[in-house]
Amino acid sequence: MDIEYVFDDIAPGGRVGLVALATDYNSETDLRRIFPAGVDLFTNRVMNANPVTIENLRGMSGDITRAAKGILPGLGVDVMIYGCTSGTAAIGEAELERLIQIAQPGIPCTNPIAAASAALWALKAKKISILTPYTEDVNEAIVACFAAEGFNILDIDGFGLGDDIEMTGIPLSAISEAAMQVCDADADALFISCTALRSALVVEELEQKLGKPVVTSNQALVWHSLQLMKNRSKVTGFGQLFDRDLANS
């Protein structure tokens with residue numbers, strides 16, 4: 001066949017690799033909803049087990065490199081995401097990056113805690129309230145991570161769930177009501193943890209009601225990925241975070 005052509009760039013805004021949990025029911029949908037046109041998401045899943053306990057979360061670490069290696073081999077991505085907030089707290093950010101970069105050497109990596117921390121600093125928020133879907137032991141791990149990042153956690157509360165599917169099924173109205181109850185009046189911002197929660201859909205509503213910034217796991221992951229790729233495409237409908245750049249950038 002004698003046809004002249006040039007291959008299309010199917011992701012001119014950047015290729016994002018996502019290591020998602022096998023039990024995750026929401027993050028791919030959420031991230032694709034938020035990413036601007038031209039950015040594409042490529043996913044592989046890491047084996048994990050419900051319920052969401054510290055032991056089970058740590059148990060997935062042995063499969064992370066395999067999952068990361070299976071994302072666009074031979075082509076590669078511009079940034080890698082590990083898509084679990086509680087898993088990040090249980091395994092540790094440094095270890096996650098090490099495991100991913102075995103498979104994707106030299107590729108910038110992010111995770112919900114790194115992304116949320118960068119987002120909160122960009123919003124100049126030091127005193128934070130945190131809403132989660134987790135049980136108390138997982139909440140304690142989340143608090144320890146953000147305290148280590150230099151934040152003052154005024155309060156944290158959760159729905160007490162241990163199943164990813166149930167977390168995704170929490171109604172938006174319940175997330176909004178819980179956020180209003182949890183957010184301390186003195187907080188600079190509210191962080192809503194968990195990639196399984198559909199909380200990004202209520203960010204703008206909550207910012208209007210609370211009068212302060214709201215950061216969620218998936219919203220922060222999109223923002224941080226775009227920052228790492230130096231993609232300045234406009235994102236609207238998901239809060240004031242997308243009007244900010246990385247602190248000290």
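Colleague: Why does Tyr 5 count as exposed?
Modeller: Tyr 5 has a relative accessibility of 58%, and a residue is called exposed over 50% relative accessible area, buried under 20% and partly exposed in between, with a 1.4 Å probe and protein chains only, so Tyr 5 falls in the exposed class. This is a predicted model, in which local features need pLDDT of at least 70 and side-chain atom pairs count only at pLDDT 80 or more, while totals for chains, interfaces and linings use all residues. Residues are numbered from 1 along each chain as its sequence is written, and side-chain values use heavy atoms, with hydrogens and water left out.

Colleague: What makes the nonpolar surface patch that includes Tyr 5?
Modeller: Met 1, Ile 3, Tyr 5 and Phe 7 make this patch of about 630 Å². Patch residues must have over 30% relative accessible area and no salt bridge, and nonpolar side chains (Val, Leu, Ile, Met, Phe, Trp, Tyr) are joined within 5 Å, like charges within 9 Å; the areas come from the Shrake-Rupley method with a 1.4 Å probe, and for residues only the protein chains shown count as cover. Met 1, which lies in the segment before β1 (14-21), counts as exposed because its relative accessibility is 95%.

Colleague: How do you know whether Asn 231 is buried or exposed?
Modeller: Asn 231 has a relative accessible area of 11%, and therefore counts as buried. Asn 231 is placed in the segment after α11 (217-228), where helices (H or I, at least four residues) and strands (E, at least two) are DSSP runs numbered from the N terminus. Leaving aside residues up to four places away in sequence, Asn 231 touches Gly 13, Val 39 and Leu 226, a contact being heavy atoms within 4.5 Å. Lys 230, also in the segment after α11, is exposed, with a relative accessible area of 67%.

Colleague: What makes the link between Asp 30 and Arg 33 a salt bridge?
Modeller: The side chains of Asp 30 and Arg 33 meet at 2.6 Å, N to O, and the rule asks for a side-chain nitrogen of Lys or Arg within 4 Å of a carboxyl oxygen of Asp or Glu, so the pair qualifies. Both residues lie in helix α1 (residues 27-34), three residues apart, about one turn of the helix. Asp 30 is buried because its relative accessibility is 0%, whereas Arg 33, at 38%, is partly exposed.

Colleague: How many salt bridges does this rule give?
Modeller: The count comes to six, among them the pair of Arg 98 and Glu 95, whose closest N and O atoms are 2.8 Å apart.

Colleague: Why are β5 and β6 said to pair, and in which sense?
Modeller: Two strands pair if DSSP finds at least two bridges between them, and β5 (residues 127-132) and β6 (residues 152-158) have six, in the parallel sense. The chain crosses from β5 through helix α7 (residues 136-148) to β6 in a right-handed β-α-β crossover, which means that, with the strands pointing away from the viewer, the path from the first strand over the helix to the second runs clockwise.

Colleague: What makes β2 and β4 edge strands?
Modeller: In the open sheet of four parallel strands, in the order β2-β1-β3-β4, β2 (39-46) and β4 (109-110) each pair on one side only. Strand β3 (residues 79-82) pairs with β4 over two bridges, and Met 80 stands opposite Cys 109 in β4.
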